[in-house]
Amino acid sequence: MSDRHDPAGRRRLPPPLAGIALLAVAAGLALAIGALLDRLPFDPDRAIVAGLRASGGPAWLPGVAVDLTALGGGTVLTLVVAISAGLMLAERLWLTAAMLVAASWSGGEVVALVKRMVARARPDLVDHLVPVSSASFPSGHAANSAIVYLTLAALASQVVRESAARRYLFAVSVLLVGAIGLSRVYLGVHWPSDVLAGWSFGTLWALGWWWATARTRASIGGERE
């Protein structure tokens, strides 16, 4: 039977989430090994930041980068969570809505705590094209956008019937998270390793909340089904 009509098909770990989670683990290991073998920031960090600014690019690129980076800011992410949770509640998906809010809030708190603990300085090789005030590691925009967009796609995969729609949600989420993280490096406000760490953490956070939600849904017998 097609998973379009089979709820069990929506309780299996989505292949896109499994794939990016493996990449996140690999990236985390690479960062850990790099931190042991090299000084921070890494030499590739410096080369990439300096190279991006030296290469220039079209005149419209800075404006596009500013617009993209706003999609990972606190205001936009809060609106995304609020609107998505509201829609879920309207559809009587109270568990999914509660887990999305809990995952987004708690993940943001963990990222803020790690930033304060590590207290890594922002890049100083180029001018910052947007104002920043907090510490650099991990990238809050990269981490929080992954937490919100990927968790939203992951939890939606448990309640959306159409497999094509589930794949679409993951594709859009990955593209958004990738573009937001890259914009932070281009704007000169993060080292690439900050962004990579943020992506890795946010992806694994989404995976964890997918698992927790699936287990909870199974234990209570679902929401509407």
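A pocket here is an open set of points on a 1 Å grid over the protein atoms alone, with protein on both sides within 12 Å along at least five of seven lines, and its lining residues have an atom within 4 Å of a point. Its volume is the space filled by probe spheres set on the points, which are joined across faces, edges and corners. The model is predicted, so local features need pLDDT of at least 70 and side-chain atom pairs count only at pLDDT 80 or more, while totals for chains, interfaces and linings use all residues. Residues are numbered from 1 along each chain as its sequence is written, and side-chain values use heavy atoms, with hydrogens and water left out.

**The largest pocket**

The largest pocket holds about 370 Å³ of space. Its lining is made up of 25 residues, and Gly72, Gly73, Gly74, Leu77 and Asn144 lie nearest its centre. Two or more lining residues come from each of α4 (74-90), α5 (94-118) and α6 (140-156); helices are DSSP runs (H or I, at least four residues) numbered from the N terminus. Helix α5 gives the largest share, seven residues. By type, the lining has 10 nonpolar, 12 polar and three charged residues. In this division Ala, Val, Leu, Ile, Met, Phe, Trp, Tyr, Cys and Pro are nonpolar, Asp, Glu, Lys and Arg are charged, and the others, Gly among them, are polar.

**Helix α6**

Of the 17 residues in α6, 15 are buried, where buried means under 20% relative accessible area, exposed over 50%, and partly exposed in between (1.4 Å probe, protein chains only).

Ser106 sits in α5 and counts as buried because its relative accessibility is 16%. Its side chain reaches the backbone oxygen of Ala103 at 3.4 Å. Not counting residues up to four places away in sequence, Ser106 touches Trp205 and Trp209; contact means heavy atoms within 4.5 Å.

Leu95 also belongs to α5 and is buried, with a relative accessible area of 5%. Apart from neighbours within four places in sequence, Leu95 is in contact with Thr213, Thr216, Arg217, Ile220 and Glu223. Between the C-alpha atoms of Leu95 and Leu52, which are 43 residues apart along the chain, the separation is 43 Å.

Arg217 is part of α8 (residues 192-220). Arg217 is buried because its relative accessible area is 7%. The Arg217 side chain makes a polar contact with the side chain of Thr96 at 2.6 Å. A polar contact is a pair of N or O atoms within 3.5 Å; within protein, one must be able to donate a hydrogen and the other to accept it, and residues adjacent in sequence count only if both atoms are side-chain atoms. With neighbours within four places in sequence left aside, the contacts of Arg217 are Leu95, Thr96, Gln158, Val159, Gly222 and Glu223.

**Backbone features in the loops**

Pro138 lies in the loop between α5 and α6. The peptide bond that joins Phe137 to Pro138 is cis, with omega near -10 degrees. Arg92, in the loop between α4 and α5, and Ala119, in the loop between α5 and α6, are listed below.

| Residue | Phi | Relative accessible area |
|---|---|---|
| Arg92 | positive, about 65 degrees | 59%, exposed |
| Ala119 | positive, about 55 degrees | 53%, exposed |

How values were computed. On a 1 Å grid over the protein atoms alone, a cavity is a set of points where a 1.4 Å probe fits but cannot get out, and a pocket is an open set with protein on both sides within 12 Å along at least five of seven lines; lining residues have an atom within 4 Å of a point.
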